[in-house]
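This report covers selected strands, loops and side chains of one protein model. Please read it alongside the coordinates.

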Amino acid sequence: MTFSLSARGQEVIVGAGMMRAPSTARTVIYVQDSLTKEPLVGATVRIASGKDTLAYATVKNMVFTITSARCECFRRFRHPVELTVSFMGYKPFSKRYEAKDFVGNIDVNLAEDERQIAAVEVRGDRIAMIIRGDTTVYDAAAFKTLPGDRLGELLKQLPGIEVRDGSIFANGAEIKRVYVDGQTFFGDDTKAALRDLTTADIKDVKVYDEDNPVAKRIGDTRAPKDKVMDVTTKSKPKIIKNIMLAASGGVSTQTDYNGKHTARHDERTVVSLNTPRNSMSLMAYNGSNAARRTGIEVLSDYTPPSPFRYTEVQAGYDYRRGDSLKYNVNVGFISGQEETEQLSLTDYFPTEVYEIRRMESQSNALTKNNTYELGGMFTHARGRHMLQTRIKGSYGTQSNSGTNCMTDRTDENLISQLRRTRSDRDSKKLEWAFDYNQGMKNGAFLNALLDLNYSKNYNDGWEIDTLGTTSFRTNLRNHGDGSVWNVQGQFGFSKDISKVSTIRLNYEFDYRNERSKQRSVDFLNDPLGVLDLLNTYDYTVNASHNTLTFNYTFQPNRKVRFEAGIGGNATVANRDERLPHDVYTPRTFWSVIPSLDFSYNFTPQKSLSLRAQSRVDDISLEQLRGVIDTRNPLLLRVGNPDLKQPLKTDFSLVYNQQIAERSFNWAARFDGSHTLHYIADKTTYFTEETPLPEYDYTAQRGATLSTFDNAGGYLNLNASLSMSKQFKAVRTTIRSKLEYGYSQVPFFLNGVARTTDQHYMGLTLHLIGGFSSHVTPEIRCTARIGEFASGPYGKSRYLDAQINGSLRSRFAEKYEAKAIVFYSLYRNDVSKQAARDAVYCNVEIGRKFGAKNRLGMLTGVVDIFNQGENRRTQVVNDYISTSQTSLLGRYWFLEVSYTF
């Protein structure tokens, strides 16, 4: 006997002692324990009919307080159906149905299998991924990881999932939140989830779409949804913690470029405690390994060790009470010191002015910086109102000193320069933001945003060249200060005008007031100093942006979403210069800004999206300043007060498909951008002494004047085909990407407009082995071959390839080993000096101690082949530049760690 009742507008079916929400699916399968009637969430459901086989997993469903585990099948079958249901610890269920009978609700009761429970072992192939609606479920047991691995190592194996720079992406969309058993242990901090969750306790990983918290609170059901992740654990923890202390020390086995054996030491601390309501973290690091300071080890482009010291301390506390009350406090300190030695060689393409030009330079630099930060955020929601405010303050100091020896050989001419520079800078910043959202009656919504920023900075420095060519000798002391006020705001109103249509009116403003002063004194010929008017200035800039946009959204169902918008932007920039001349320059810019956003979901597994968006690019204050900068007489700089404002349009077309039964994901993408009134570099090389009356200055022979001008459109196009798949036979995930790119960049050289055209083909292959809990191999190969053409003279073909490989192993429960190999190859048919072959290799081995393996000791060697240098080649407009940076070289280390 069944009957129905209505609850909050939703019909509920009651039958056989159960309450069930209605479903549009043709067949709904409910799975439960045969004795206790407990719903079995995560049970594997296979439906076979003819040549088709579908795989599902049951998910949790609630009606009032009644919980069930069910899966939905929307397919209509013509042939008899074989239904198989299995769940760990239970006897499998199998039954054959005629096609006409496989409809409606089907109840499956599973009986416990004592033999399977006693074995505590899952036999047979695991289903790596299944899809139900917009939810993708990954079975963690189908992907093996090493003991002690964190969530990031598991996610790298999941088809369709990527981890980039500490952020998680699913089918190209960023994961906004990571839940654990449906609870917010980490708030919005996805990096904490990567760092604190261990793979040994993970049962499965779900990825699905969820209402944005703000939209959900104010009742905006048509707002774009967030992509989120829910990690199901085995232990159902009340608290998730990660506490670790580590220290290491070592010494270089070879002398560095200073002729010394460099001693190194690294210390790091991770203290992280997370509950559904509270999160507390303390991250402290002192050393030179940027990857280890975050507590997340990932294989990416390998960075060879350099003489670099870095100290960072970050502490934070986060409190959450649902979405009604949230607040957090963060405090941080960052200190760094970097000492570098660099050699560079630049070959210029031939022009009408010169046939051969080569520039060589050798530089040494020492940089020190310290930054102190304090901030917090408060969020309160009540009814259909949500208020958020945040504040952040920082104070920083920076010190730079260095020397640069440069030689410029142009045809038969030779110019040399030896510059020494020193600068000290400190800055203070304060930021306060206010964000308010409200849901009103009749499908209307309101949001307001106000953001205030204030910064103050001071700088003091010397620029000296007393040994170079006579015409380029300088001895300048510069002292300056500046302040910036920035006020940004937004007011938006949206209204649902029908069941499928929404309109939105949005106004944004941005006001910026900048005051900049510098006093430059020349000590070259007068020991008491003479004021240098060319490099002394005092000016104020007031700039405001006002943008008004109107958007229309049409969403007739869950499959289709169409949004179009049109807007206008008005920018007013006023420059009031007091020194070296009293000049007032007002500028006004007008722009039209269209937008288009279309998406179509053929099925939950197949989607197509088309997006196009125009935006206004800002013009920096220095780009508009028409006063020449002569602090480096060999490289003169000046802005252009007559620049037009660039208008940039970005567009993308993306098709994505998931095939769960094959653990396969692929995507085709075409995107690009076009810029109208592109601000191009404009350089002029002087072969002889040349007066510049508009700047009241004479350029010396061998000097280059750099300025800016608007040019024809900048164009960038990219097409790619990517895939990721787990091969079940070897339990290995392979990702690959084939791409083609074209770019056209306009520039000016010696008064002639030119363009740089570049074509390239690229291939990326990434392999992650998940076949063993003792050994995990990972290989990432990238290769790019392309052609670079600059005007009628410059043309270059190149090959750029890298191979990253790592092998991690855990054996005999207490021993671990790791090896990393990085190979880099570069060839260019124009510059032989640009050729590069480099192999870097690190090896380490360690042992765990104690009953729970909490104490660890690790020893290893970094840069076994002692490369000693890192070379990088860059092709830009009219030249090819190759730089070589000194590295720390081979060194040995010993590390001790303890995990609580």
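Which residue is the bridge partner of Gly-856 in E52? The bridge partner is Ser-897.

The structure is a predicted model, in which local features need pLDDT of at least 70 and side-chain atom pairs count only at pLDDT 80 or more, while totals for chains, interfaces and linings use all residues. Residues are numbered from 1 along each chain as its sequence is written, and side-chain values use heavy atoms, with hydrogens and water left out.

**Strand pairing**

Strands (E, at least two residues) and helices (H or I, at least four) are DSSP runs, numbered from the N terminus. Two strands pair if DSSP finds at least two bridges between them. Strands of a sheet pair through backbone hydrogen bonds, either parallel or antiparallel.

Strand E52 (residues 891–899) pairs with strand E19 (residues 240–252) in the antiparallel sense, and E52 is also joined in an antiparallel run to strand E49 (residues 855–862).

An open sheet is formed by 4 strands in the order E6-E5-E9-E10, with antiparallel pairing. Its edge strands, each pairing on one side only, are strand E6 (52–57) and strand E10 (93–97). On average, neighbouring strands of this sheet are turned by 15° against each other, direction ignored; the angles are taken between N-to-C directions and run from 0 to 180 degrees, with axes as lines fitted to C-alpha atoms, for helices over the stretch in contact. Within the sheet, strand E5 (residues 44–49) and strand E9 (residues 81–86) run antiparallel, and Ala-48 stands opposite Glu-82 in E9.

| Strand pair | Bridges |
|---|---|
| E19 and E52 | 9 bridges |
| E49 and E52 | 8 bridges |
| E5 and E9 | 5 bridges |

**Loop residues**

Asn-640 is found in the loop between strand E35 (635–637) and strand E36 (647–659). Asn-640 has a relative accessible area of 14% and is therefore buried; buried means under 20% relative accessible area, exposed over 50%, and partly exposed in between (1.4 Å probe, protein chains only). Leaving aside neighbours within four places in sequence, Asn-640 is in contact (heavy atoms within 4.5 Å) with Gln-623, Leu-624, Arg-625, Thr-707, Phe-708 and Asp-709. For Phe-708, the backbone oxygen lies 3.1 Å from a polar atom of the Asn-640 side chain.

Two other loop residues have positive phi values. His-677 lies between strand E37 (664–676) and strand E38 (678–685); its phi is about 60° although His-677 is not a glycine. With 28% relative accessibility, His-677 is partly exposed. Asn-750 is in the loop between strand E43 (732–749) and strand E44 (752–769), and its phi, near 55°, is positive in a residue other than glycine.

**Residues within strands**

Arg-754 lies in strand E44. Why does Arg-754 count as buried? Because its relative accessibility is 7%, Arg-754 falls in the buried class. The Arg-754 side chain makes a polar contact with the side chain of Glu-352 at 2.9 Å. A polar contact is a pair of N or O atoms within 3.5 Å; within protein, one must be able to donate a hydrogen and the other to accept it, and residues adjacent in sequence count only if both atoms are side-chain atoms.

Leu-418 belongs to strand E26 (residues 413–439). Its relative accessible area is 25%, so Leu-418 is partly exposed. Leu-418 and Arg-473 are 55 residues apart in sequence, and their C-alpha atoms are 8.8 Å apart in space.
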